[in-house]
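Here is a short tour of the model you have open.

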Amino acid sequence: MTPDLVTALGPLLTAEASAEAYAAGTEPSDLEQAVWLRLLERLDADDPPLDPQGWLRRAVRSEARRTRRTRRLERPYAGEPVDDCGRDPEQLALAAARGRALRAAVRRLPGRCPRLIEALLSPQDLTYREIAGELGMSQGSLGPERSRCLGCLRRLLAPEVAAH
């Protein structure tokens, strides 16, 4: 693809993709990528469009229609998809044991490290702002405190890891 064509069509493609993306239920960048790919395929076949701007507008609308059709046919899972990683009961028991060992080591940490690490491990996936509010500390000091706590945790777990 010639740099002139990219430079000439780039802003138009960005505008057209932004205009069509919402109705198609997709991201503008996804539409842009699909259209660039179609143009590359066309240029690779030595079939450049005679009217590049018109072709581009039609290609964006065509990709948006294709995306809408695809989204209508696809249905999300009702729940989480089945984990078919082949975890047998032994692997599940070992993972649970590692989790218990980690939690026990976290409880042995000094100061407010146990509360901080527990908040980071929380299944609620708390944000730094939420964790800082819960612990009564500034959000800016959370990163350095986290680093110190993880260093302590590494030192606590090192002998246990080496023993296995």
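In the protein, 57% of the contacts with a separation of 6 or more are between residues 24 or more positions apart, a contact being heavy atoms within 4.5 Å. Please keep in mind that this is a predicted model, where local features need pLDDT of at least 70, side-chain atom pairs count only at pLDDT 80 or more, and totals for chains, interfaces and linings use all residues. Residues are numbered from 1 along each chain as its sequence is written, and side-chain values use heavy atoms, with hydrogens and water left out.

The protein has seven helices and zero strands, giving the pattern α-α-α-α-α-α-α along the sequence. Helices here are DSSP runs of H or I with at least four residues, strands are runs of E with at least two, and both are numbered from the N terminus.

Some overall values:

| Property of the protein | Value |
|---|---|
| Radius of gyration (over C-alpha atoms) | 26 Å |
| C-alpha box along the principal axes | roughly 70 × 40 × 30 Å |

For a compact globule of 164 residues, the radius of gyration would be near 15 Å; that rule is 2.2 Å times the number of residues to the power 0.38.

Of the 164 residues, 28% are buried, meaning under 20% relative accessible area with a 1.4 Å probe, protein chains only.

Glu-20 is buried, at a relative accessible area of 17%. Leaving aside residues up to four places away in sequence, Glu-20 touches Leu-31, Val-60, Arg-61, Ala-64 and Arg-68.

Key:
Buried means under 20% relative accessible area, exposed over 50%, partly exposed in between (1.4 Å probe, protein chains only).
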